[in-house]
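I opened this notebook to record what I looked up, entry by entry.

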Amino acid sequence: MNNRRFTRRISRAVSAGTLAGLAFVAVSCVSHHGPEEDDARVAAWLKKLSLAEKVSLVHGSAIFTTPGVPRLGIPELTMSDGPHGVREEQEPARIARVRAERKDDKSTGMPVGSTLAATWNKDLALEYGRTLGAEARWRGKDILLGPAINLMRTPLNGRTFEYMGEDPWLTSRMATGYVRGVQSQGVAACVKHFVANNRELDRMSVDVRMDDATLREIYLPAFEAAVKEGGALAVMGAYNRFRGEFCSQNPYLLQYLLKREWGFTGVAISDWGAVHDTAAASRPGLDIEMGTAAGSEFLGEPYLRGLRDGVYSREALDEKVRRSLLLRLKLRIGEPDRPEGAHKTPEHKAIARRTADEGIILLKNEGSILPLDATKIRHLLVVGENAVRRQSVGGGSSETTPPYEITPWEGIVCRLAPDGSPSRVTGYESDAKHAEALLAEATAAARKADAVVFVGGLNKALDTEGGDRTDMRLPGGQDAVIEALLAANTNTVIVMVSGSPVDMSRWAGKARAIVWQGYAGQEAGDALAGVLFGDTNPSGHTPCTFAKRLADYAPHALGTYPGNNGIEAYSEGRLSGYRWFDAKRIEPEFPFGHGLSYTTFDFGDATVSHDGQSVRVSLEIANTGPRDGAEVVQLYVSPPDITEKTPPQELKAFEKVFLKSGERRVVTLTLERRAFAHFDPVLSALTVKPGRYGIAVGASSRDIRTRTAVTLP
Ligand code: GLC
């Protein structure tokens with residue numbers, strides 16, 4: 001199918017205006033043949049492949065490639081990081097080729113996963129995925145190693161920025177759209193890291209333990225949704241152990257849950273170097289061992305020898321190979337009608353910018369100090385190392401190499417030109433070498449300014465794969481600088497650029513305005529300036545709880561992190577994230593789901609109807625303020641009986657509603673039976689207990705505007 005036909009098919013599907021339509025396109029883009037035809041082709045290949053050729057297909061031949069079998073016309077399978085942008089080429093052989101064929105290996109630098117989650121915009125997640133899928137296709141990739149969807153459990157986790165927050169439902173909705181988007185472009189999304197990779201400290205060895213209810217209700221649902229609703233064609237096993245066995249060779253996870261129970265038909269790949277034992281990996285479950293560029297360690301020679309000696313199952317090998325071959329057919333690798341992709345297009349830039357815009361969270365805005373009026377500010381002072389730091393670089397395997405990255409300082413300078421010309425002082429440096437002098441300079445400058453914008457937070461040397469932070473404190477003496485600026489100038493705005501929660505307790509009460517921007521990709525600076533000066537009405541909401549102190553988070557309150565003797569028990573159980581703060585009545589700095597706007601929204605009373613299958617909750621939302629804007633309507637469900645181990649309320653539906661000033665609309669949120677289900681350890685199944693379920697609708701987990709209830713039989 002040539003590009004025009006492919007575009008026509010997309011437009012037909014989009015004109016159908018349904019996700020289902022796009023899902024259809026997603027499937028049709030990835031597989032032109034019927035399943036029977038594909039199965040027959042795979043069976044024919046399996047008959048012709050030698051044992052050695054089969055074994056070659058179940059491990060990497062280079063860092064991001066598994067080989068093909070040219071004599072049979074079997075193409076190779078190539079992969080690329082990362083979850084928020086196609087990483088620059090890592091394989092020498094490909095670098096020359098991509099430079100020759102594609103000029104360069106730069107790709108659109110999207111905002112990170114936690115920023116996408118902060119948009120709470122499911123439709124945008126689909127567009128975000130489509131953008132990444134097209135860029136991966138353009139670079140000749142078959143599998144994109146994203147989305148990364150492990151939940152935030154401790155804010156210290158080095159990869160918090162990559163993930164989509166602390167809640168299973170928010171993550172599952174965003175991940176499902178992302179996966180459908182990527183795969184609509186003829187590229188497999190690879191959901192990672194399956195499962196419970198919720199920290200980087202000792203990630204290669206830690207053994208995570210939790211009960212079944214916690215696993216089924218908190219840590220599995222996003223992966224389950226990505227597979228069953230998103231149709232993910234690849235899943236990456238995590239590095240850590242789960243209940244004693246490494247995830248990437250764990251039959252309970254990869255065979256029983258993923259394939260038997262969820263009906264996963266794609267490939268299960270290991271994280272890089274995450275396989276530790278040939279016998280374990282030879283069992284049904286893992287399909288491809290990756291991270292073996294230097295010659296496979298486990299599913300290579302040792303595996304071949306064991307197969308020849310009759311030690312390992314040939315049926316299990318054939319199943320691994322079958323899935324890997326089937327994926328090639330689903331993706332139409334080597335076929336002329338496969339989507340060509342595109343990169344660094346204006347459309348992709350627009351999606352990157354829209355995600356950056358909608359991912360900015362207005363945490364506080366006392367006295368409406370924001371938006372700043374550019375016509376009235378003669379002298380704006382910008383302070384902070386993060387005003388000039390480019391955040392695309394670093395952070396580990398998710399690093400991107402965009403064609404450019406606009407810093408906050410550049411965005412502000414451009415926004416104020418040609419009339420205004422802001423000035424800038426460093427204020428702080430992460431290494432805190434000249435803290436005293438920088439603080440004095442910033443304080444003196446602030447006294448003379450009409451307004452001050454402080455841009456601080458963290459960076460990808462602190463928020464990074466392979467390590468956890470040791471505390472939540474801001475580096476470089478930022479707290480002292482912020483306090484001094486707030487004392488020197490009442491028109492001071494605090495901007496936190498960070499990939500994970502930080503301790504704001506020393507000054508959050510004193511600041512009149514606080515804005516949160518994650519690592520927002522190549523368009524970051526323009527997006528921030530747009531919000532600061534009111535071109536954009538902020539609509540982001542926190543994807544995780546921002547606590548006043550580290551000890552308020554469950555793993556730190558219980559002392560279960562980082563664990564003992566290599567084992568970390570999730571003893572908080574289902575009370576993860578805001579569930580813990582609600583159950584223990586802890587006041588956070590900013591709650592889960594929080595986000596302000598430059599306009600105001602009214603919530604009408606919620607009404608409930610149900611037809612025995614699903615429950616529908618309707619209410620009118622009105623934009624009662626002076627500006628067009630968007631509100632995130634959130635619905636939390638409470639069970640009939642709450643024990644000390646039961647989450648008091650859980651997010652089970654949300655909608656981002658865009659309303660013009662004065663506009664009002666009835667919003668209906670639908671709850672399927674699963675929304676009321678809890679894991680019954682006796683039945684070992686998710687079940688819905690009869691009873692009266694509370695329904696709370698609001699603008700955050702702590703800003704509930706209307707309550708109702710439904711009684712289920
Ligand atoms: C890394 C990461 C994984 C990444 C892979 C390939 O160790 O855990 O997310 O996709 O290796 O770079």
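Entry 1, terms. For sorting lining residues I count Ala, Val, Leu, Ile, Met, Phe, Trp, Tyr, Cys and Pro as nonpolar, Asp, Glu, Lys and Arg as charged, and the others, Gly among them, as polar. I also note that the model is predicted.

I listed its lining and got 17 residues, with S114, G499, W516, P543 and C544 closest to the centre. Which classes make up this lining? I sorted it into eight nonpolar, nine polar and no charged residues. Helix α6, residues 113–119, gives the most to this lining, with three residues.

Entry 3, second largest cavity. I read a volume of about 70 Å³ for this one. Its lining has 13 residues, and F64, M79, E89, Q90 and K141 lie nearest the centre. I sorted this lining as well: two residues are nonpolar, three are polar and eight are charged. Strand β2, residues 77–80, gives the most here, with three residues.

I took the helix at residues 168–183, which has 16 residues. From first C-alpha to last, α8 reaches 22 Å, close to the 22 Å expected at 1.5 Å a residue. Is α8 mostly covered or mostly exposed? I counted 15 of its 16 residues as buried, so by the cut-off of under 20% relative accessible area the helix is mostly covered. At the N-terminal end I found a cap from D167. A side-chain oxygen of D167 lies 2.8 Å from the backbone nitrogen of W169.

Next I looked up the neighbours. Strand β13, residues 451–457, pairs with β11 in the parallel sense over four bridges. I noted V452 in β13 as the bridge partner of L381. Strand β12, residues 423–425, also runs parallel to β11, and three bridges join them. In β12, V425 stands opposite V383.

I located K460 in the loop between β13 and α18, the latter at 478–488. Is K460 buried or exposed? Its relative accessibility is 6%, and buried means under 20%, so I count K460 as buried. I then compared K460 with V393, which is 67 residues apart from K460 along the chain. The C-alpha atoms of K460 and V393 are separated by 7.2 Å.

I traced an open sheet in the order β1-β2-β3-β4-β6-β9, and its pairing is mixed. Which strands sit at the edges? I identified β1 (65–66) and β9 (267–269), each of which pairs on one side only. β2, noted above for the lining of the second largest cavity, stands between β1 and β3 in this order. At the β9 end, I found three bridges joining β9 to strand β6, residues 234–237, and the two run parallel. A234 stands opposite V267 in β9.

Notes: Residues numbered from 1 in each chain as written. Predicted model: local features only at pLDDT ≥ 70, side-chain atom pairs only at ≥ 80, totals over all residues. Heavy atoms only, no water. 1 Å grid on protein atoms, 1.4 Å probe; cavity = no way out; pocket = protein on both sides within 12 Å on 5 of 7 lines; lining within 4 Å. Points joined across faces, edges and corners; volume = space filled by probe spheres on them. Expected span 1.5 Å × (residues − 1). Buried < 20%, exposed > 50% of the residue type's maximum accessible area, 1.4 Å probe, protein only. Polar contact = N/O pair within 3.5 Å; in protein donor to acceptor, adjacent residues only side chain to side chain. Pairing = 2+ DSSP bridges.
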